[in-house]
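Please look through the structure shown below and keep it at hand while reading.

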Amino acid sequence: MSSQDQLFHVIHKVPQGHSPYVKAKHAQLVEKDPEAAIVLFWRAINAGDRVESALKDMAVVMKQLNRCEEAIEAIKSFRGRCSKQAQESLDNVLIDLYKKCGRADEQIELLKRKLRLIYQGEIFNGKRTKTARSHGKKFQVSVQQEISRLLGNLGWVYMQKSNYLTAEVVYRKAQMIDRDANKACNLGLCLIKQGRYDDARNVLDEILKRKVPGSEDIRARNRAAELLMEIRAFEPPSSEIAEILGLDDDFVNELEPLMNEWAPVRSKRLPIFEEISSFRDQLAC
């Protein structure tokens, strides 16, 4: 192979050769023909040519074409042909596809399964770190980081199901293991959804004060600031409430002792509850 051909394969990140898998990658990356690439990936899988890579790459192309359900069924049907080492990365592809399809229950089940495998020592094989890959780059991930990441993903799925109490518990557990600003923002949003504005403000203020790892990222601080603005929109200050009602603080303070002295003894319950009590007494008679 000439040096020019080698340079071509490096630039386009296309493997060398003439096998079905190589032709599929050429159609995907060079010809930019996803439909043809899918056909060739199927041929590679059926021919036993780099089945693991072909299955994952085909699922990615199918997702780009909004054929996620088809991609899910393909992985489920053919993952048995893949090695044990490939199962974790296939699970990651499935989680992404479930998210795209809005299949929250399957996503939750798979995330919990991955967490159980970590606790059982299946994923890290007793080591403290493992090699991960993202956007073509390799890096080391610790057990704590991976557990916290999975819990963060799990918390977000519970948020999509409006199960905010469970999401809060999961997010707080994730932050106990490995804190970061992104999960802190999500926890703040979760608390806002529950109407717990003071708790949310405390979480988000820590990001703006750069007390949380990752809060040096301007995007995290901007998001925290936006969420704090949402809180202010939901929760007007008491002084504004008084202005809306047209109340004079001094007058109200002077009126209170007069009411206590001259007004008849009244129940502190709202009238509707007095009516309910009266109706209940009538029923008792």
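How many helices and strands does the chain have? The chain has 15 helices and two strands, where helices (H or I, at least four residues) and strands (E, at least two) are DSSP runs, numbered from the N terminus. This is a predicted model, in which local features need pLDDT of at least 70 and side-chain atom pairs count only at pLDDT 80 or more, whereas totals for chains, interfaces and linings use all residues. Residues are numbered from 1 along each chain as its sequence is written, and side-chain values use heavy atoms, with hydrogens and water left out.

Of the 285 residues in the chain, 35% are buried; buried means under 20% relative accessible area, exposed over 50%, and partly exposed in between (1.4 Å probe, protein chains only). Among the contacts in the chain with a separation of 6 or more, 46% are accounted for by residues 24 or more positions apart, a contact being heavy atoms within 4.5 Å.

**Two helix pairs**

Helix α7 (residues 104–119) and helix α8 (residues 143–160) pack with their axes 10 Å apart, at an angle of about 160 degrees. Axes are lines fitted to C-alpha atoms, for helices over the stretch in contact, and angles run from 0 to 180 degrees between N-to-C directions. Helices α7 and α8 are therefore roughly antiparallel to each other, given that angles under 35 degrees count as roughly parallel, over 145 as roughly antiparallel, 65 to 115 as roughly perpendicular and the rest as oblique. Their contact includes Leu-111 and Leu-115 in α7, and Leu-150 and Leu-154 in α8. The residues of the contact of α7 with α8 comprise 13 nonpolar, two polar and three charged; here Ala, Val, Leu, Ile, Met, Phe, Trp, Tyr, Cys and Pro count as nonpolar, Asp, Glu, Lys and Arg as charged, and the others, Gly among them, as polar.

The axes of α3 and α5 come within 13 Å and cross at roughly 10 degrees, and α3 and α5 are therefore roughly parallel to each other. Trp-42, Ile-45 and Asn-46 of α3 make this contact with Glu-70, Ala-74 and Phe-78 of α5.

Ala-74, which lies in helix α5 (residues 68–78), counts as buried at 4% relative accessibility. Not counting residues up to four places away in sequence, Ala-74 touches Trp-42, Leu-55 and Met-58. The C-alpha atoms of Ala-74 and Leu-55 are separated by 7.6 Å, although the two residues are 19 apart along the chain.

Tyr-21 and Phe-41 are both buried.

**Two loop residues**

Arg-50, in the loop between α3 and α4 (51–64), has a positive phi of about 50 degrees although it is not a glycine, and Arg-50 is partly exposed, with a relative accessible area of 44%. Ser-162, in the loop between α8 and α9 (164–177), has a positive phi of about 60 degrees and is not a glycine either; Ser-162 is partly exposed, with a relative accessible area of 48%.
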